[in-house]
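Work through the exercises below with the coordinates open. Each task is followed by a solution in steps.

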Amino acid sequence: MSARLRLKRLIEAGRTAGGLFVSIPAPEIVEIAAVAGFDFVLVDLEHTLVDGADLERMIAAADRAGLSALVRVPGAGSERILQSLDAGAAGIVVPRVSSLSEAAEAVRRARHAPLGIRGLNAGRLGRYGDADLPAMPARLDAETLVIAMIEDPAGLEAAPAIARLKGVDGLLFGAADYSQAIGLPWQTGAPAVAAAGSAVVRACREAGIHAFAVTRIEADLPRLREEGVRGLLVANDRGLLRRALTDADRIWRNLPGASR
């Protein structure tokens with residue numbers, strides 16, 4: 001399943017990878033993202049009710065279409081970490097990581113022994129038993145990305161330590177929730193929020209792991225790339241759909257006699 005490794009190989013080569021944030025449980029959106037040229041998708045389980053069957057179909061669609069599928073799980077202690085990885089996700093994104101202990105719990109659930117407690121499974125990734133099963137745990141641990149989201153001041157303070165934790169591959173700054181945590185809800189361009197994002201990237205760079213970011217405006221892209229961000233979430237499916245439908249609706253509403 002080379003598609004699963006596409007994101008990891010790109011960022012390890014120092015190249016920039018572009019991703020789509022996906023909240024609508026539709027494999028077709030994953031396939032359209034691949035046609036559009038995206039390198040990966042991030043399927044959200046934190047703020048959605050995407051169920052297991054839908055998630056598995058979306059990950060399978062990513063495999064067929066040639067892009068990687070990350071999954072944002074509900075939290076560091078979630079049972080869906082194991083289920084998402086067994087379904088074939090390229091990695092997990094863990095929200096609201098505010099301490100080293102929370103990051104360690106996510107690593108514990110995502111990695112096999114001796115680093116963690118991930119259970120053995122000869123499912124999709126083991127070709128249903130038609131694979132070198134004894135070698136599989138080490139191979140999967142080497143292939144799987146574990147990314148912690150930094151979304152509040154406590155997480156920002158712990159970011160350097162989290163970045164150095166064995167088993168953590170990257171950090172993703174959550175600008176929206178960070179802005180709320182410091183009393184500036186949705187002001188993601190505020191200087192204090194931007195400075196926090198830069199600090200997260202710096203922690204990644206100093207620890208030798210990968211930095212990810214959610215871009216809010218196109219003008220931010222050169223700065224993020226210069227700072228060292230390699231995984232860029234540049235759009236989300238709901239926002240794109242709403243804007244496209246709004247534009248389409250405006251076209252016919254300009255006709256004489258159209259309802260307003």
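**Exercise 1: A103 and its surroundings**

Leaving aside neighbours within four places in sequence, A103 is in contact with V97, I162 and L165, where contact means heavy atoms within 4.5 Å. The model is a predicted one: local features need pLDDT of at least 70, side-chain atom pairs count only at pLDDT 80 or more, and totals for chains, interfaces and linings use all residues. Residues are numbered from 1 along each chain as its sequence is written, and side-chain values use heavy atoms, with hydrogens and water left out.

Task: state where A103 is found and whether A103 is buried or exposed.

Solution.
- Step 1. A103 is found in helix 5 (residues 100-110); helices (H or I, at least four residues) and strands (E, at least two) are DSSP runs, numbered from the N terminus.
- Step 2. The relative accessible area of A103 is 2%, so A103 is buried. Buried means under 20% relative accessible area, exposed over 50%, and partly exposed in between, with a 1.4 Å probe and protein chains only.
- Step 3. I81 is 22 residues from A103 in sequence, and the C-alpha to C-alpha distance is 13 Å.

**Exercise 2: the nonpolar cores**

Task: which residues have the most contacts inside the largest nonpolar core?

Solution.
- Step 1. Apply the definition: a nonpolar core is a set of buried Ala, Val, Leu, Ile, Met, Phe, Trp, Tyr and Cys residues joined through side-chain atoms within 4.5 Å.
- Step 2. The largest such core has 58 residues, and L20, V41, I92, I162 and L171 have the most contacts inside it.
- Step 3. Helix 9 (residues 191-207) supplies the largest share of this core, six residues.
- Step 4. Apart from this core lies another, of 16 residues, which includes L7, I11, F21 and M149.
- Step 5. Take I162 as an example: with neighbours within four places in sequence left aside, its contacts are V97, S99, L100, A103, A148, I150, G155, V168 and L171.

**Exercise 3: strand 3**

Task: why is strand 3 described as largely enclosed by the rest of the structure, and with which strands does strand 3 pair?

Solution.
- Step 1. Five of the five residues of strand 3 (residues 68-72) are buried, so the strand is largely enclosed by the rest of the structure.
- Step 2. Both faces are covered, with S68, L70 and R72 buried on one side and A69 and V71 on the other.
- Step 3. Strand 2 (residues 40-44) pairs with strand 3 in the parallel sense over five bridges; two strands pair if DSSP finds at least two bridges between them. L70 is the bridge partner of L42.
- Step 4. Strand 4 (residues 91-94) also pairs with strand 3 in the parallel sense, over three bridges. Here V71 stands opposite I92.
- Step 5. Strand 2, helix 3 (residues 52-65) and strand 3 make a right-handed β-α-β unit. A crossover is right-handed if, with the strands pointing away from the viewer, the path from the first strand over the helix to the second runs clockwise.
- Step 6. Strand 3, helix 4 (residues 80-86) and strand 4 make a right-handed β-α-β unit as well.

**Exercise 4: helix 6**

Task: which residues of helix 6 are buried, and which are exposed?

Solution.
- Step 1. In helix 6 (residues 136-143), the buried residues include M136, P137, L140, D141 and E143.
- Step 2. Seen down the helix axis, the buried residues fall within an arc of 165°, so they line one face of helix 6. The arc is that of the directions from the helix axis to the C-beta atoms.
- Step 3. A138 and A142, on the other side of helix 6, are exposed.
- Step 4. The cover over the buried residues includes helix 1 (6-12), helix 5 and strand 5 (145-150).

**Exercise 5: an aromatic pair and backbone details**

Task: how many aromatic pairs does a search of the whole structure find, and which residues have a positive phi although they are not glycine?

Solution.
- Step 1. The search finds one aromatic pair. F173 and Y178 form this pair, which is tilted, at 5.4 Å centre to centre and 55° between the planes. Rings of Phe, Tyr and Trp (its six-membered ring) pair if their centres lie within 6.5 Å; planes under 30 degrees apart count as stacked, over 60 as edge-to-face and the rest as tilted.
- Step 2. Both F173 and Y178 are buried.
- Step 3. R96 has a positive phi of about 55° and is placed in the loop between strand 4 and helix 5.
- Step 4. W186 has a positive phi of about 65°; W186 is exposed, with a relative accessible area of 66%.
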